Amino acid sequence: MKNTQSNLLLALVLVSILFSSCSKTFFGDVNGIESGNSQDVAFPLVNSRFTSRDLLLGLNNLTTVEALPPDGRLVLVFNQPNVFSRNASDAVNLPLPTFNVTDTLTNLSAASLAITELRLNNGQLYYDFISPVTEDINVQMQLIGGTYTTTGAPLKVNLNFPYTGSTHFTGSISLANTRVLTSGFGGLQFRYDARKVSDNTRLTLSPFSLSFQSLDYTYAQGGLLVFTYPVPLDTIQFDAFRTLRGGELYLENPSIELKIQNTIGLPIGIKLDSLLVRDKLGNVTLMTGSYVNQVVPINYPSLSEIGVRKTTTMVFDNSNTNISQAITGLPQEIYYTGDVASTGLGQGHVTDSSYISIDVAMRLPFRCWSRNLLIVDTFDVDLTPFTDYRFFEFKTATENRVPADVYGQIYFTGDDLVPFDSLFVGDDRVFVSPPVDANGRASTSMYKSISTRFEGARKLDVQSRTTHIIVQGKATSLNNGNTIVELYDDNDFYYRLGLKVGL
Amino acid sequence: MRNLLLAASLLLTASLSAQNLTSYMLNDIDGFNTPAMPQFLPKYSLSVHLPTLGMSNTSQPLNPRAYYAQKDGKTVLDLEALAGDVKDNNFIYNRYALSPVGVTWRKNNFYLSLGYSFKEYLYLDYNRAAVEVPVFGNANYVGKTAQLRATLDAGAYHDIAFGLGYQFDKWTIGANIHYLNGIANASTAQNQIDLTTNSDIYQLTLATDLRVNTSNLPEVIIDSLNVQVQDQKMSFGLSNNHGVALDLGITYRMNDKWTFYAGLQDLGGIYWRNNTNNYTSKTNLQFNGIDVTRVIFGDTISVQSLLDSFALTLNPTTTKESYMTNLSPQATFSANYNYNSKWNFGAVAAVNIYNTRVIPAVALGARYTINKHFKVGATYAYKNLRADNLGLNVTANFGPVQLFALSDNVINLFRFDKGNMFHAQAGANLYFGNLNIDKIVTGRYF
């Protein structure tokens, strides 16, 4: 029995060893997983849709794009508001005459004050006279002829002038919150009553003069001073094509619009002495035609339109200037000089909030042709993440509904920015222009895809030497710029980029 | 994490004993003579089954061992080589069973049995894309939809089997009723991952309909791109994961020479409700690339925020619902021919059903009695689409002690890296009370 038990135990041990051995050998001791190096992964990088509106807006953040009804033709509008402005306090001065008081009642209007109504916040009426006696006197001074104070009472003051060794007295009467209204009251008169303090004997003061000083008005009406304000040489930085490095762009009907807004109730005119356009290359074109070197009257509010803003618009377009010629070279700046001046006798009205301002708007309807509009930009890049990849392959796919061919290229450079390789062979046409209809409108969308693979020595070269890439695009409208095309709101294009890498 | 790795390692490397085809031809091992296999009637009034170990590995096209490689002195699994040989549909089925004790009692034509087994299993079905895309990437699927499919059912359970059988005339019928108690499980209920790579610029569309159930495994918390595994001690004790299974068998002894058998095994399943986690991801994601217009025209794009939102969308939702898994049933048909006192011959046809996959097998065998102590046999089988399956078996009897070992793929013992199927069993029995069954019944059968 003992032998049997021993044999049984031995058999069990042998079987266990056999199975553990089999199991271990069959399934083995796996220390890890080797995934190899042949994993090729493809994934998208960029997928963007640009509309023509996006494109034009991207040219300059001060630009707006209007889609004209009914079909959405695009107009690039560059607004530069307030290139010139003057407030009434700067623009219009009141006459400040000096009056000789010849009698105890003197008519001032008859002298030289042509203002018919004056509402003052503040101001002073200065007096200067000689007393005929060497003793203390009392003088009552009064403006007669209209409603003078906020209470409706005439402006009247009683003053005491003690004798201190001199008979020459000067001073001023405050005109704060005073309203001077001469029309309908027979004009403005000044009356005084001077008496000795000792016995109340009435006196005549001579010489006696008056003058209005430091007038701060809220409203003035009547004969105001004629003025002329020169518009100094100034520059409007349009730079509507700031991202473009060059090329030609012909726009069929561009225009520059000056919008003059005026609330000064006087006849005013504007005269532009010169108007020059400087393009990307520094060429300067003198704009000629209507409005240049001519006084153009500006609309102004009448007495029944006090505070109303009147607008005068001056449009420079192909009908009156050589603007198309000036715009073709991608305008960057507009220089101008001139004058803004009152005309006539200066009769009118002005308030303390009256102003005159000039806004400039350049409107560029994109019915056009273009040739070699060049965009170049440089980016810092780090291609070291590609070091461990066996290869990388970019695939570019575009869909274009904008009637222009775009030849693109990406150059690989080092710090010296000298290209040593490029993404495409030659300048490849990345975007293909679709055909256009009779109106110059793109009728279809064109698809193009380009794949470029980097591997082996070329890949090593690019990944190790590249520190910058230069992105360049040249846009030429359909048929090498020989066909007029038009941009519409629904013109768009897709740019997509995918990457395939060997891990 | 360590527990999870241990659990995963256990589940992925262990195998479970499939019903060895050879076992249907061994009539003298009472350890196989369960009531559900009544073609082998116990020849002793009492049989005590000592520890028996069984293992089975079936894979298609080849077992992972074929792709082991040496790197820096270590053995690694060369996924690239494996993926290079992957077929449209592939599978790995491993089963492992340890039966430490059992007993069979026979009285006249009636017999009972009781036994315990510890079982582990791994069923993994996967298609070509499920391997190719992770290993080779999606570049080969540009312009196509890669349908990644992997069906997993891996687990371990206790099996307490009670059987009874009865012989009348030439017929014997039997059945085993198994009480199953699940230890741990990981299985897929939904397994759809569709990755479409557009031919334009490789835009990606990922559609998932995934549901992975686990029981008694550490919970995995996925938050954005971070994965955390909760600590949990593995427990091999009894749990609330209850299940039942049924085996049925019937034998017809036509005469002294011929016996025929038909049977069904492993009809049942386990209802997992102990410490369950259900990870569900049902989404449809599209990644078409970054819209650079937002960058050009002033906005900024955070790549991290894109990744976060992508990951958030992929994040599975976790629930704690109970779920059910089924065993993999098998149907078997066999015939035995008793040529003389020395030679016996047999034939077996079997069908295994793993999830939705049906694997048929046929085998022929012969057995020779050397003396009263030793018997040896050999089988030849066609299984798993391969015909290079040569089996050997041996039994040794010394008094009440019987030792046995068998395999129907003995060739693969010596060429693991090429075989795609391996089965082996070994164990011992103690017999008491010889019923001289050869004199009772009308012959000696397999």
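A salt bridge is a side-chain nitrogen of Lys or Arg within 4 Å of a carboxyl oxygen of Asp or Glu. This tour of a predicted model begins with such pairs and then turns to a sheet.

**Stop 1: a salt bridge in chain A**

Select A:Arg202 and A:Asp193. These two residues form a salt bridge, and their closest N and O atoms are 3.3 Å apart. A:Arg202 has a relative accessible area of 45%, so the residue is classed as partly exposed. Across all chains, the structure holds 35 salt bridges.

**Stop 2: a link between distant parts of chain A**

Next, select A:Arg401 and A:Asp492, which also form a salt bridge, with 3.7 Å between the closest N and O atoms. This pair links distant parts of the chain, 91 residues apart. A:Arg401 is found in the loop between strand E26 (391–400) and strand E27 (404–413) of chain A, while A:Asp492 belongs to strand E33 (residues 492–502) of chain A. Is A:Asp492 buried or exposed? A:Asp492 is buried, because its relative accessible area of 9% falls under 20%.

**Stop 3: a salt bridge in chain B**

Move to chain B and select B:Glu321 together with B:Arg211. Their side chains meet in a salt bridge of 2.9 Å, taken from N to O. B:Glu321 lies in the loop between strand E16 (317–319) and strand E17 (323–326) of chain B, and B:Arg211 lies in strand E10 (residues 204–215) of chain B; the pair therefore ties together parts that are 110 residues apart in sequence. B:Glu321 is partly exposed, with a relative accessible area of 42%, whereas B:Arg211 counts as buried at 18%.

**Stop 4: a network in chain A**

Return to chain A and select A:Asp71, A:Arg73, A:Glu252, A:Arg367 and A:Glu486. Salt bridges that share partners join these five residues, A:Asp71, A:Arg73, A:Glu252, A:Arg367 and A:Glu486, into one network.

**Stop 5: an open sheet in chain A**

Strands of a sheet pair through backbone hydrogen bonds, either parallel or antiparallel. Display the strands of chain A as a cartoon. Five of them form an open sheet in the order E3-E4-E24-E17-E21, with antiparallel pairing. The edge strands, each pairing on one side only, are strand E3 (63–68) and strand E21 (310–316) of chain A. From one strand to the next, the twist averages 25°.

Finally, select strand E17 (residues 255–262) and strand E24 (residues 355–365) of chain A. How many bridges join these strands? Eight bridges do so, and the two strands run antiparallel. Within this pairing, A:Ile260 stands opposite A:Ile358 in E24 of chain A.

Technical notes: Residues numbered from 1 in each chain as written. Chains lettered and ligands numbered in written order. Predicted model: local features only at pLDDT ≥ 70, side-chain atom pairs only at ≥ 80, totals over all residues. Heavy atoms only, no water. Pairing = 2+ DSSP bridges. Helix = DSSP H or I, 4+ residues; strand = E, 2+ residues; numbered from the N terminus. Axes fitted to C-alpha atoms, helices over the stretch in contact; angles between N-to-C directions. Buried < 20%, exposed > 50% of the residue type's maximum accessible area, 1.4 Å probe, protein only.
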